[in-house]
Amino acid sequence: MPTHHALAQEADAMKRYAITLTRDVHIADDLVQDCMERALRKWTLRREGVPLRAWLFTMMRNLHVDGWRRAKRRQTESLETLTSPPAIPPTQENHVELNRLLVRVMSLPDDQRAALILVSVEGFTYREAGQTLGVPEGTILSRVSRARAALREATGDAAPKLRSVT
Amino acid sequence: MTSAPKDIREEDLVAYVDDALTPDRRSEVEAYLNETPDAARRVEADMAIARDLRRAFAGLIAHQPLAALPAAEPRNHMPLAWAASVAMALMVGGAAGWFLRPDAAPQPTWGLVAEAFAAHRTFVVEVAHPVEVRAENKGHLATWLTNRLGRPFTVPDLRVAGLLLVGGRLLPSPTEPAAQLMYEDGNGQRLTLYLRRGSDNDPSFRFAETATEQAFYWSDTEFAYALTGALPRARLLEIAHLLQVQFEDPGAPT
């Protein structure tokens, strides 16, 4: 079925975005699954012209925010209970350096991290990222700018900033 | 004679890294970077961060151990039980699952096919960054891969099969650096060739498939190759043949 094929094609991207949102690989797995289930149920409600990935990411973020609210209400989960931070295995080239980067990215403010990952990893345009996160393009740009400045500073590559984006 | 920096702002430098500028503005920024080493260094650092982020996130996906597949627990709150099972099947088929035919794959090519599938899935869907070095810089790509793979490397030409080079990239693999080349046909259908050192020295074409893609793989005395795509099997095999003849066996006596 084309639906399933199309969704399967997005599985890796969904996992990446779920990690970006949850910062925990196991919670991310649950989120991907919840999102796939909902996507299958809502498939026919998809609006024409919305790219599949942006549609899925918007849905995933809503699910995440809802889940987070629920968890907060129950006071059962907090950031400290996250137990499986994303890391790549030591068999991979440059794993020390890349894992250090992952830790820094995960410690960025949520808004900045999501904007940066959508743009840098998923290749979204500012416009697509803005639509997905429900903010104007300019906001995406300034979030990416701040996220990069923080990462640059952390990697010791701080260089002068130009007049800052407002 | 002073060169005018043309009012380059923070957002220009950010958008430059993301390739989001108009061609005109892009050349203005480039001129500015040529004259401003600090800004050039900062842009380079940002590009390196973007590249490393893609590597890191690819690594998070590509090397999920098969044992980490989610267990198939029934979910009571699901109004549609079938949706849960379909979603589960997709997780298995899409995220980490792949199935070799029982008659295939002795070590070490077992890992090769899994890596090739993961790399294929990660990058063929990319719009902005499908490759690290684009076809325009084919010469640079060849030199780079020659150096990093430690073998003479020429980029195979598949135009006779109706496929144009998109470009290529270096990738981490569990052993040595691997390379991925991407080709595209007239319909935008993408194929990838994945290769790395580590071989069972078996030039015969072997077939593997998942729910969504197929691969033919083979090896020479030092390298193993996997061609992955969602094409009819006969067509994929034809392309594999074209590739094999274009790669000189780096270990063969001359």
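In chain A of this predicted model, residues 24 or more positions apart make up 56% of the contacts that have a separation of 6 or more. Chain A runs to 166 residues, and 42% of them count as buried. As for confidence, the mean pLDDT of chain A is 83, with 83% of its residues at 70 or more. Within chain A, the lowest mean pLDDT of any element, 74, belongs to helix α1 (residues 2-9), while helix α6 (residues 110-121) has the highest, at 96.

Two helices of chain A are worth a look as a pair. Helix α7 (residues 126-133) and helix α8 (residues 137-154) of chain A pack with their axes 8 Å apart, at an angle of about 100 degrees. Angles of 65 to 115 degrees count as roughly perpendicular, and α7(A) and α8(A) are therefore roughly perpendicular to each other. On the α7(A) side, the residues that meet the partner helix are Tyr126(A), Arg127(A), Ala129(A) and Gly130(A); on the α8(A) side they are Glu137(A), Thr139(A), Ile140(A) and Leu141(A). Sorted by class, this contact of α7(A) with α8(A) has four nonpolar, two polar and two charged residues.

Chain B brings in strands: it has seven helices and eight strands. Of its 254 residues, 40% count as buried. For contacts in chain B with a separation of 6 or more, 55% are between residues 24 or more positions apart. One pair that comes together across the sequence is Gln246(B) and Thr154(B): these residues are 92 apart along the chain, yet their C-alpha atoms are separated by 8.4 Å. Gln246(B) is part of helix α7 (residues 233-246) of chain B. This residue has 12 C-beta neighbours inside 10 Å, and because 12 or fewer is the cut-off for exposed, Gln246(B) counts as exposed.

The largest nonpolar core holds 100 residues, and the members that touch the most others are Tyr217(B), Tyr225(B) and Leu227(B). Helix α3 (residues 37-62) of chain B is the biggest giver to this core, with ten residues. Leu227(B) shows what such a set of partners looks like. Leaving aside residues up to four places away in sequence, Leu227(B) touches Leu191(B), Leu193(B), Ala215(B), Phe216(B), Leu236(B), Ile239(B), Ala240(B) and Leu243(B).

Arg23(A) has a phi near 60 degrees, a positive value in a residue other than glycine. Its place is the loop between α2 (11-22) and α3 (25-42) of chain A. Asp19(B), likewise not a glycine, has a positive phi too, near 55 degrees. Asp19(B) is found in the loop between α1 (10-17) and α2 (23-35) of chain B.

Technical notes:
Residues are numbered from 1 along each chain as its sequence is written. Chains are lettered from A and ligands numbered from 1 in the order in which they are written. This is a predicted model: local features need pLDDT of at least 70, side-chain atom pairs count only at pLDDT 80 or more; totals for chains, interfaces and linings use all residues. pLDDT is the predictor's confidence in each residue, from 0 to 100. Helices (H or I, at least four residues) and strands (E, at least two) are DSSP runs, numbered from the N terminus. A nonpolar core is a set of buried Ala, Val, Leu, Ile, Met, Phe, Trp, Tyr and Cys residues joined through C-beta atoms within 7 Å. A residue is buried if 20 or more other C-beta atoms lie within 10 Å of its own, exposed if 12 or fewer, and partly exposed in between; C-beta atoms are placed from the backbone. Two residues are in contact if their C-beta atoms, placed from the backbone, lie within 7 Å. Axes are lines fitted to C-alpha atoms, for helices over the stretch in contact, and angles run from 0 to 180 degrees between N-to-C directions. Angles under 35 degrees count as roughly parallel, over 145 as roughly antiparallel, 65 to 115 as roughly perpendicular and the rest as oblique. Ala, Val, Leu, Ile, Met, Phe, Trp, Tyr, Cys and Pro count as nonpolar, Asp, Glu, Lys and Arg as charged, and the others, Gly among them, as polar.
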